[in-house]
Amino acid sequence: MTTTTQTELPNSPKRFNWPRFLRDHWLHVVMIPLAALWLSPMIWILLTSLKTDVEVFDQSAGFLPEKLNFSNYPSTLSVAPFGTYLINSIIVTGSILAGQLVTITLAAYAFARMTFPFKNLLFTLFLLQVMFPIYAIFLTNFVTLQEMGLLNTLSAMIVPFIASGYGTFMLRQSFRQVPSELSDAARLDGCNHLEILWHVFLPLVKPTLIAFAIISVVTHWNDYMWPLLVTNSENVRTLPIGLGLLAKADSGADWPRLMAGTTLVVSPLLLLFMIFQRRFIDSFMHTGVK
Amino acid sequence: MSKTFARARRNEMFLAYAFLLPSLVFLATFTYWPILRSIWFSLHDVMLGDPEIYWLGLENYTRLLDDRLFWKVLGNTAFYTLTTIPISIVVALLLAVAMDSKLRGMAIYRSAFFYPVMIPSVAAGMVWVFLYAPSYGPVNEALTTVGLPRLDWLYDSDWAMPALVIMSVWKYSGYFMLILLAALKLVPSDLYEAARLDGVNAWHRLIHITIPLVSPTLYFVIIIGTLHSYQVFDYVYIMTQGGPADSTNVLTFYIYQTGFQYQDIGYASALANALLFFVLGLIGLVAVTLGRKVHYLGER
């Protein structure tokens, strides 16, 4: 049907043909406003961070800042130790990821390629962890960490997340797809399980490892509830906690400064997302399939 | 020969347990031990930071049944989940279908809808407090422009919860959209082509072809959505503290309040066990009802 209309009208009339434009591009006509709506909170953060206090509360001031005012950024940095928060966030997120990569690789290999008693039972235990909401166990984990004397340390934010049922499951699925001829060949060459895992399996599942790493980093970099509970001093706080405190201190009075802080906190991940868009999208996309 | 084989199997068994050990140590300490312990705590009077505990039997659970706030909080949680998840999934499915039609500028649209997933909940919560501000917030400005009445949003006990739902749809639809998009790409395009040639319109193609074929993924997204919906804790904490008049107090926040503000670990543990019970029950329910209706295309 579309081909006939195209051949009938090779040269459109000089005047712009609105009905035809709408018919051909109706999806864009719907999607552009919708995308703008989705982007508007982020645009609002950026615009507000460049306004003055007066403009924010002035209804007649309009949507755009009168002139670009960058002073909110140094002002945010002077009221809160964002450098320390940043370093803490990096240490916490990095340590969780490193720990997880070790535990899930070993466990996933055992589940995918080895036979041992109680395999199914153990695998169910791993899977159940995915279903258990952290909110059902955060109280008792808090008490446990208190008894271990780990409260208000960076470790308190790391240790509860080292084992990952989800990561183990994801990686086991990938390991199972590796052709068994490859590991048999390595076995005949005299490789043991660890060598096979390291030289044969890991290089082949790199995309899965990257996908898991991205999801893990996004989750723990942004985590709020747990770090909030287990930290109470500046030197161990992470970026989201620092931002929350800044909001509490300002109590909505200094929106431009707060939005400057928000921009600083959201930008590391958003920048990485913009640079490695394909990788991020692929990672999150394929959490669903299989 | 068989002896060496048996030894090889035994060695493999030990090695397998050694491989599982690191995970199991952490799973046991931070997932399974806390669950057992929270059952134990729920049968006692336990105060935060107080080493002495007293046996109560099922008293915390009978208290829970009589606690009107508990039922209110449960209702709020159900309202939040049963609105946020269906709305987000419908939005996500429509977006995914639009993206799947080889739309020009797809990458830009995709990122525009997905980026909220990357934003920390605390940042998202804060900017929405600002957006919803009754006197100077842009949401009310926009409502005025199109001639609708202004609302008090987070300060109005009728609108505070819907405000959280709207924000959550913005935050999570993009994630569900991506997962569904991955599933749509696997649907053979000749199915659509055949239906189109038979004169089946777009709406019927969606209902009769797309939805049945992506139903395993849809089912998965419902489970993921349920698991994500606990994250509402962050928004309640940041935006409303459960108010006004407990209209946004949800189960996860009530556990926090009871445990950390009132320091009543015993009762908070009973609440946490109720949460666990509901979650596993809900997932079981979804599995037996929707899970059976799911269509699988080819092998899985």
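## Two helices in chain A

Let's start with a pair of helices in chain A: helix H6 (residues 119–131) and helix H9 (residues 165–177) pack at an angle of about 120°, and their axes are 7 Å apart. Keep in mind that this is a predicted model. Why pick those two values? Two packed helices are described by the angle between their axes and the distance between the axes. Angles over 145 degrees would count as roughly antiparallel and 65 to 115 as roughly perpendicular, so H6(A) and H9(A) end up being called oblique to each other.

Who touches whom here? On the H6(A) side you'll find A:Phe123, A:Phe126, A:Leu127, A:Gln129 and A:Val130, and they meet A:Gly165, A:Tyr166, A:Thr168, A:Phe169 and A:Arg172 in H9(A). Sorted by class, this contact has six nonpolar, three polar and one charged residues.

## A pair in chain B

Now hop over to chain B. Helix H7 (residues 160–184) and H10(B) have axes that come within 10 Å and cross at roughly 160°. That angle makes H7(B) roughly antiparallel to H10(B). The crossing of H7(B) past H10(B) is right-handed.

H7(B) brings B:Tyr172, B:Tyr175, B:Phe176, B:Ile179, B:Leu180 and B:Ala183 to the contact, while H10(B) brings B:Thr217, B:Leu218, B:Phe220, B:Val221, B:Ile224, B:Gly225 and B:His228. The split by class is 10 nonpolar, three polar and no charged residues.

## Zooming in on B:Thr217

One residue of that contact deserves a second look. B:Thr217 sits in helix H10 (residues 215–228) of chain B. Is B:Thr217 buried or exposed? With a relative accessible area of 11%, B:Thr217 is buried, because the cut-off for buried is under 20%.

If you skip the neighbours within four places in sequence, B:Thr217 is in contact with B:Ile179, B:Leu180 and B:Ala183.

Helix H12 (residues 251–261) of chain B has 10 of its 11 residues buried, so it is largely enclosed by the rest of the structure. Among the buried ones are B:Leu251, B:Phe253, B:Tyr254, B:Gln257 and B:Gly259. After H12(B) comes B:Gln263, which has a positive phi, near 60°.

Stepping back, an unreviewed UniProt entry lists residues 74–288 of chain B as "domain: ABC transmembrane type-1". In the model, this span is 74% helix and 0% strand, and its end C-alpha atoms lie 23 Å apart.

Conventions. Residues are numbered from 1 along each chain as its sequence is written. Chains are lettered from A and ligands numbered from 1 in the order in which they are written. This is a predicted model: local features need pLDDT of at least 70, side-chain atom pairs count only at pLDDT 80 or more; totals for chains, interfaces and linings use all residues. Side-chain values use heavy atoms; hydrogens and water are left out. Helices (H or I, at least four residues) and strands (E, at least two) are DSSP runs, numbered from the N terminus. Buried means under 20% relative accessible area, exposed over 50%, partly exposed in between (1.4 Å probe, protein chains only). Contact means heavy atoms within 4.5 Å. UniProt positions are given in the numbering used here, feature names are shortened, and annotations may be inferred rather than shown by experiment. Axes are lines fitted to C-alpha atoms, for helices over the stretch in contact, and angles run from 0 to 180 degrees between N-to-C directions. Angles under 35 degrees count as roughly parallel, over 145 as roughly antiparallel, 65 to 115 as roughly perpendicular and the rest as oblique. A crossing is left-handed if the near helix is turned anticlockwise from the far one by less than a right angle, and right-handed if clockwise. Ala, Val, Leu, Ile, Met, Phe, Trp, Tyr, Cys and Pro count as nonpolar, Asp, Glu, Lys and Arg as charged, and the others, Gly among them, as polar.
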